[in-house]
Amino acid sequence: MSETESDQNAPVTATIRLGADFEHPISAMWNAFADTGQRVQWGAPEGEEMVCDIDEFRPGGAIRARCGSPGVLEFVSTGLYCSLALERHIVTTETLTRDDEILSTAIITWTFTAIPTGTRVELVDQVVSFVGEGMIDGHRNGHDICLRQLGEFLSS
C-alpha cells in the first residue's frame, strides 16, 4: 500500500462540543432521554426514522438502534451506557455501521445543569471516523439537529 492509500484509510478524529439552554426543568429533559418512546421522536433528523431494538437505560446497559431513510434504516448504532447519574449525566459508547462496515466509533457525554431559566444541556462527542471527514460532519450536524428537535419536542 502506498503512503497516499494509507493516508486515505487513516482514521479521522474529532472532539465535538455543543450545548443549548432549554426553558424546561431537568426532570423533563432527563425523561426525554430516559424514555425510549420520547427519544425516537426527537432523536432522528426530520424525514428520517429511528427504531430502538434494545435500550437498557442503566449503567452497563446495551443500546441498539437502526436509523436512516424510513423503511430502509440503513445505519445501525450499537453501544453501551457507560455511566448514568440521575438528572446529571449520560455517557455512552456508539459504533455506527452500514452494511456491516464500521463507519465510526464514539464516546458521547451528555450533561444536564440547572440554570435559572431551565436546563443547560451540553454534549461532548469524541468520535473516530473510519470513512473520512464527512462522518465527523455527520456527527456534528446530527447532534445539532437533535438538540434543536429536543427543544421543539418538549415545547410542543
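## The largest pocket

The largest pocket is lined by 34 residues, and Gly43, Cys67, Glu94, His143 and Cys146 are those nearest its centre. A pocket here is an open set of points on a 1 Å grid over the protein atoms alone, where a 1.4 Å probe fits, with protein on both sides within 12 Å along at least five of seven lines; lining residues have an atom within 4 Å of a point. The model is predicted, so local features need pLDDT of at least 70 and side-chain atom pairs count only at pLDDT 80 or more, while totals for chains, interfaces and linings use all residues. Residues are numbered from 1 along each chain as its sequence is written, and side-chain values use heavy atoms, with hydrogens and water left out.

The space in this pocket is about 860 Å³, a volume being the space filled by probe spheres set on the points, which are joined across faces, edges and corners. By class, the lining has 19 nonpolar, 12 polar and 3 charged residues. In this scheme Ala, Val, Leu, Ile, Met, Phe, Trp, Tyr, Cys and Pro are nonpolar, Asp, Glu, Lys and Arg are charged, and the others, Gly among them, are polar. Helix H4 gives the largest share of the lining, 8 residues. Elements that each supply at least two lining residues include helix H3 (36-42), strand E2 (49-55) and strand E3 (62-68). Helices (H or I, at least four residues) and strands (E, at least two) are DSSP runs, numbered from the N terminus.

## Gln149 in helix H4

Helix H4 covers residues 133-155 and contains Gln149. Is Gln149 buried or exposed? Gln149 counts as buried, because its relative accessibility is 10%; buried means under 20% relative accessible area, exposed over 50%, and partly exposed in between (1.4 Å probe, protein chains only). Leaving aside residues up to four places away in sequence, Gln149 touches Trp42, Ala44, Pro45 and Glu46, where contact means heavy atoms within 4.5 Å.

## Aromatic pairs

The whole structure holds 6 aromatic pairs. Rings of Phe, Tyr and Trp (its six-membered ring) pair if their centres lie within 6.5 Å; planes under 30 degrees apart count as stacked, over 60 as edge-to-face and the rest as tilted. One of the pairs is Phe33 with Trp110, which is edge-to-face at 4.7 Å centre to centre and 65° between the planes. Phe33 belongs to helix H2 (residues 26-34) and Trp110 to strand E6, so this pair ties together parts 77 residues apart in sequence. Both Phe33 and Trp110 are buried.

The ring centres of Phe57 and Tyr81 are 5.1 Å apart and their planes stand at 75°, so this pair is also edge-to-face. Phe57 lies in the loop between E2 and E3 and Tyr81 in strand E4, so parts 24 residues apart in sequence are tied together. Phe57 is partly exposed, with a relative accessible area of 22%, whereas Tyr81 is buried at 3%. Trp30, Phe33, Trp42, Phe57, Tyr81, Trp110 and Phe112 form one aromatic cluster.

## The nonpolar core

The largest nonpolar core has 27 residues, and Ile90, Trp110, Phe112 and Leu150 have the most contacts inside it. Such a core is a set of buried Ala, Val, Leu, Ile, Met, Phe, Trp, Tyr and Cys residues joined through side-chain atoms within 4.5 Å. H4 supplies the largest share of this core, 6 residues.
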